[in-house]
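Trainee: I would like to learn how to read a structural model feature by feature, with the general idea before the particular case.
Mentor: Then let us look at one together.

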Amino acid sequence: MQSIIEIETKVDELVERWTPQRADRLRRRALDPGDFQDLASAGYLTLAVPVDHGGSFSGLSSIGAMTRILAKVATVDPSLALVASMHPTVAIWWALPTDPPSDIASTWRAEIDEVFAAVMSGTWLGTITSEPGTGGDFMKTTTSATHVEGEMYALSGIKHFGSGSGVLDRLITTAVRDGHSVEPFPDIFVIEAADWPSGAVDGMSLIAPWDGVGMKATQSHGASLEGVLARRYSWSGGWAAHIDSIIAASAAVWISIIAAVVDTAMAEAGSRLRGRSDLGTFEAAGWAEAEIDRFLLGAARDSVVNLCEADDPPAAAQAARRAKLGTANLAESCLTTISRVIGGGSLSASSPFASWFEDVRALGFLRPPWGLATDALIEELRTTA
Ligand SMILES: Cc1cc2nc3c(=O)[nH]c(=O)nc-3n(C[C@H](O)[C@H](O)[C@H](O)COP(=O)(O)OP(=O)(O)OC[C@H]3O[C@@H](n4cnc5c(N)ncnc54)[C@H](O)[C@@H]3O)c2cc1C
């Protein structure tokens with residue numbers, strides 16, 4: 001087993017190798033499976049595996065290493081970083097200690113053993129949970145699950161935003177079993193989708209190939225499921241006791257990726273503006289304004305990451321609810337301002353500022369997207385003294 005420091009060092013070497021390719025990477029519309037092999041060889045996958053299953057994850061406090069690694073990757077390739085981030089944000093659903101109901105305890109533990117054994121042998125986890133029209137709320141899941149045999153079900157419905165389709169091996173999703181309700185939680189299933197859509201998965205059709213203007217290489221495809229075979233996990237609410245940790249970890253990871261994009265854009269802007277004696281008042285004031293956004297964004301990220309590292313789930317989730325919305329606004333405002341300062345060339349598809357401008361807009365749409373995130377904050381304000 002590689003130590004966290006060894007993994008970080010290896011990822012540093014990869015990022016150094018990838019840095020000269022940054023311009024090409026920002027223009028790509030597809031992922032390179034070789035990058036995922038390199039990250040797996042560096043030990044990245046094991047960061048999300050609990051210590052007692054052979055990895056280095058020991059709770060919310062382990063999130064710092066993931067945020068640092070993904071931030072470094074984001075400086076050269078935001079799409080790669082975002083897709084790689086789906087792995088720990090899904091794995092954490094199983095990685096925290098749980099106390100299952102006695103009737104499913106042995107099945108649940110066997111499922112967790114199987115998930116992490118698979119990850120230790122190179123399996124990437126991802127998710128294709130979102131359904132069009134639900135605003136990212138999985139409590140509005142309508143995909144149906146018809147029992148086939150054992151734990152196997154046939155899923156039918158429409159799913160979108162399956163980031164990493166084609167490179168991630170297992171896509172986690174939600175569906176409602178026939179005769180059951182979405183309450184208290186939708187059931188959780190896994191679709192073995194390695195290579196999809198270039199390799200077939202019976203009943204799974206590509207209905208919306210990802211053509212995003214932001215995070216454009218993430219292969220966040222939309223799919224129609226018509227009787228797709230999926231394995232059900234025995235405890236649909238197993239994650240509920242850890243909801244604060246899940247909220248905080250996802251926010252920490254995604255804010256860190258976007259903060260790294262902002263830092264990179266500001267460093268590039270600085271290298272172009274520094275030393276220019278002819279800088280106009282508008283440009284100089286814009287540069288300063290963008291720097292204030294960058295600074296505040298970094299402070300909000302540090303606040304969430306530090307509370308995660310301090311292993312304080314309620315405080316980390318409370319900070320995350322504010323920081324994700326706030327940093328999404330700051331990132332958009334920073335990139336808008338800096339592109340005005342850089343000039344109209346920042347609208348060229350070949351300008352890195354054009355890519356970064358669109359990439360940072362992803363943060364506000366990641367789970368929970370704008371509306372749902374605002375609802376959660378309002379609910380907290382209404383119910384917490
Ligand atoms: C780059 C990127 C990668 C992603 N990766 C993944 C992934 O890997 N897996 C995954 O499962 N999901 C992923 N997502 C999806 C994300 O988690 C959200 O589910 C998704 O962004 C929600 O889409 P939407 O807001 O367009 O909602 P949709 O459900 O598609 O659209 C609903 C629309 O209705 C609007 N709306 C809702 N209620 C109201 C109301 N009362 N009044 C007016 N309008 C209303 C919403 O604002 C929204 O615009 C990704 C998203 C992005 C941007």
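This is a predicted model: local features need pLDDT of at least 70, side-chain atom pairs count only at pLDDT 80 or more; totals for chains, interfaces and linings use all residues.

Mentor: Residues are numbered from 1 along each chain as its sequence is written, and side-chain values use heavy atoms, with hydrogens and water left out.

Trainee: How should I read the packing of helices, and at what angle do the axes of α7 and α8 cross?
Mentor: Two packed helices are described by the angle between their axes and the distance between the axes. Here the axes of α7 (residues 243–273) and α8 (residues 281–309) come within 9 Å and cross at roughly 150 degrees, where axes are lines fitted to C-alpha atoms over the stretch in contact and angles run from 0 to 180 degrees between N-to-C directions. The helices themselves are DSSP runs of H or I with at least four residues, and strands are runs of E with at least two, numbered from the N terminus. The two helices are therefore roughly antiparallel, a term for angles over 145 degrees.

Trainee: Which residues of α7 and α8 meet?
Mentor: Contact means heavy atoms within 4.5 Å, and on the α7 side the residues include Ala248, Ala252, Ile255 and Ala259, whereas among those in α8 are Trp287, Arg294, Leu297 and Val304. The residues of this contact divide into 14 nonpolar, 2 polar and 4 charged, with Ala, Val, Leu, Ile, Met, Phe, Trp, Tyr, Cys and Pro counted as nonpolar, Asp, Glu, Lys and Arg as charged, and the others, Gly among them, as polar.

Trainee: How does α5 pack with α7, and at what angle?
Mentor: Helix α5 (residues 78–95) and α7 pack at about 170 degrees, with their axes 10 Å apart, and that makes α5 roughly antiparallel to α7. By class, the contact of α5 with α7 has 12 nonpolar, 4 polar and no charged residues. Among the residues that meet are Leu82, Met86 and Trp93 in α5 and Ile246, Val253 and Trp254 in α7.

Trainee: Is Glu131 buried or exposed?
Mentor: Buried means under 20% relative accessible area, exposed over 50%, and partly exposed in between, using a 1.4 Å probe and protein chains only. Glu131, in the loop between β1 (125–127) and β2 (144–149), is buried, with a relative accessible area of 4%. Its side chain makes a polar contact with the side chain of Lys159 at 2.9 Å, a polar contact being a pair of N or O atoms within 3.5 Å in which, within protein, one must be able to donate a hydrogen and the other to accept it, and residues adjacent in sequence count only if both atoms are side-chain atoms. By contrast, Asp211, in the loop between β6 (204–208) and β7 (221–232), is exposed at 61%.

Trainee: What should I look for in the backbone, and which residue does a cis peptide bond join to Pro184?
Mentor: Most residues other than glycine have a negative phi, and most peptide bonds are trans. In this model a cis peptide bond joins Glu183 and Pro184, with omega about -5 degrees, and the bond from Trp196 to Pro197 is cis too, with omega near 15 degrees. Phe161, in strand β3 (residues 152–162), has a positive phi near 65 degrees, while Asp195, in the loop between β5 and β6, has a phi near 80 degrees.

Methods: Angles under 35 degrees count as roughly parallel, over 145 as roughly antiparallel, 65 to 115 as roughly perpendicular and the rest as oblique.
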